[in-house]
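Please read the points below with the model open beside you. They are short notes for a colleague's check.

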Amino acid sequence: MKKEQLFDLIGEIDERKAESAYRAVSTPKRTRIWVRRGVLAACMCLLLAAAIPFAIAMIPNQATDIFREGNLIEIKCKEELPAVYDGELLAFRLDFDSYEFYYDADGDAQNTDDWYSLLAHSQNKDNAVLLHCMFGDTTVEDWKVDMVFTKKATKTETLHGVEVQIARMELSLQYQYWHYAIFEYDDVVYDIRVRSNDPNDIYEIINKLLVPQKTN
Amino acid sequence: MEDKEIVSLYWERNETALSETALKYGNYCKSIAKNILGNEEDAMECVNDTYFKAWNSIPPHRPKILSTYLGKITRNLSFDRFRRNAAQKRGGGELALVLDELAECVSGKDSTEQAFEAKELAQTINAFLDSLSKEKCDLFLCRYWYALPIAEIAGRFGMTQGHVSVTLNRLRKQLRTYLTERGFEP
């Protein structure tokens with residue numbers, strides 16, 4: 001199937017769903033995050049008032065500046081991004097301030113045993129980076145198949161001792177390419193997507209993630 | 001004016017139907033066309049064509065949801081115009097990005113056989129949307145039905161742009177898996 005066909009097919013879905021989505025955006029919800037945080041703060045106050053000793057005991061274990069949306073939880077400060085794997089989480093090697101970080105789990109953000117994956121996202125006018133670090137049972141082979149299936153140009157390279165599969169997909173009007181890279185390092189599968197016209201951009205990200213293992 | 005009354009005007013062949021449609025749904029149709037085409041002039045032409053097409057198709061049709069009926073006409077007309085513009089290497093609104101995202105869900109192959117599956121595929125996409133929470137379904141459709149920019153979706157849903165991008169990325173992956181598991185080679 002071609003992407004244009006898929007866009008056409010999405011136009012054929014149940015009209016009630018399309019109308020419902022339109023209604024959802026007709027009513028702005030810009031304050032929702034703050035409302036949610038306000039409700040959370042109010043609940044915390046009640047809890048504190050009702051059971052101060054318990055609350056005091058609990059507070060150090062709470063991530064205080066994160067919010068939940070489905071199973072994605074935003075990581076708002078470096079302290080919520082614990083150092084793991086060879087003394088340092090690879091995503092931590094990225095410039096924290098340039099990215100938004102999320103972890104995917106129903107559990108404690110500071111307990112990496114609860115993590116299923118970590119996502120880093122960065123976007124500006126000309127390019128975008130999406131980094132997906134997958135923990136647990138995911139294997140690089142699963143993702144290689146996925147990548148070969150959808151992308152046209154693929155190649156495998158060994159970079160800093162790690163086998164990296166790289167793919168490129170040509171885009172339509174505004175941007176020329178998405179570049180993809182997938183590799184496994186320290187039992188973590190990394191899926192990197194960079195929307196950029198410069199193929200060096202994805203190598204720059206890979207280098208940031210892999211070079212420290214040689215220098216440490 | 002209520003939608004039922006507007007539809008009745010179409011059925012009575014009363015041209016007030018057009019001005020009432022423009023009054024109530026002009027901006028809605030224009031926003032769809034503009035998201036897809038990124039060009040005010042082309043968008044306005046598509047909106048005018050939408051009124052014309054609605055006039056010619058009601059009757060015999062009696063749309064249950066007038067907004068989506070008109071929106072769908074606008075979407076189709078705008079998409080046709082987008083393809084013509086793309087062939088001439090000009091223009092390009094949010095849709096270029098939307099299509100590039102959707103490319104991750106499909107193989108890019110074209111086959112005649114697949115054309116016969118279109119109806120079944122649309123039903124499967126419907127079922128996929130049914131399996132999502134309402135918020136995720138709305139998010140998906142805002143991007144892939146209405147071609148809304150990510151920044152606008154984020155503003156409307158009270159989310160960050162990164163959160164919207166990441167969620168959409170996952171939904172695309174889920175859709176591809178969903179289609180593959182049901183025997184469609186996307």
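1. B:Ala147 sits in the loop between α8 and α9 of chain B. Helices here are DSSP runs of H or I with at least four residues, strands are runs of E with at least two, and both are numbered from the N terminus. The phi of B:Ala147 is near 55°, a positive value in a residue other than glycine. Its relative accessible area is 0%, so B:Ala147 is buried. Buried means under 20% relative accessible area, exposed means over 50%, and partly exposed lies in between (1.4 Å probe, protein chains only).

2. A word on the basis. This is a predicted model, in which local features need pLDDT of at least 70 and side-chain atom pairs count only at pLDDT 80 or more, while totals for chains, interfaces and linings use all residues. Residues are numbered from 1 along each chain as its sequence is written, chains are lettered from A and ligands numbered from 1 in the order in which they are written, and side-chain values use heavy atoms, with hydrogens and water left out.

3. A:His160 also deserves a look. Its phi is near 55°, again positive in a residue other than glycine. A:His160 belongs to the loop between β6 (153–159) and β7 (162–170) of chain A. With a relative accessible area of 31%, A:His160 is partly exposed.

4. Helix α9 of chain B covers residues 150–157. Its buried residues are B:Ile150, B:Ile153, B:Ala154, B:Gly155 and B:Phe157. An α-helix has 3.6 residues a turn, so residues three or four places apart point the same way. After α9(B) comes B:Gly158, with a positive phi near 65°.

5. Which helix holds B:Phe140? B:Phe140 lies in α8 (residues 134–144) of chain B. B:Phe140 counts as buried, at 0% relative accessibility. Leaving aside neighbours within four places in sequence, B:Phe140 is in contact (heavy atoms within 4.5 Å) with A:Ile10, B:Phe128, B:Leu129, B:Trp145, B:Leu168, B:Leu171 and B:Leu175. B:Leu171 is 31 residues from B:Phe140 in sequence, yet their C-alpha atoms are 7.4 Å apart.

6. Check the cis peptides. One joins B:Ile58 and B:Pro59, with omega about -15°. Another joins B:Pro59 and B:Pro60, with omega about 15°. B:Pro59 lies in the loop between α3 (40–57) and α4 (66–87) of chain B. B:Pro60 is placed in the loop between α3 and α4 of chain B.

7. Next, a helix pair. α1 (residues 3–11) and α2 (residues 16–37) of chain B pack at about 150°, with axes 8 Å apart. So α1(B) is roughly antiparallel to α2(B). Axes are lines fitted to C-alpha atoms, for helices over the stretch in contact, and angles run from 0 to 180 degrees between N-to-C directions. Under 35 degrees counts as roughly parallel, over 145 as roughly antiparallel, 65 to 115 as roughly perpendicular, and the rest as oblique. From α1(B), the contact uses B:Asp3, B:Ile6, B:Leu9 and B:Tyr10. From α2(B), the contributors include B:Thr16, B:Leu18, B:Lys24 and B:Tyr25.

8. Finally, the cysteines. The whole structure has zero disulfides over all chains (a disulfide is a pair of cysteine sulfur atoms within 2.5 Å). For B:Cys137, the nearest cysteine sulfur is that of B:Cys142, 9.4 Å away. B:Cys137 counts as buried at 7% relative accessibility. B:Cys29 is buried too, at 0%.
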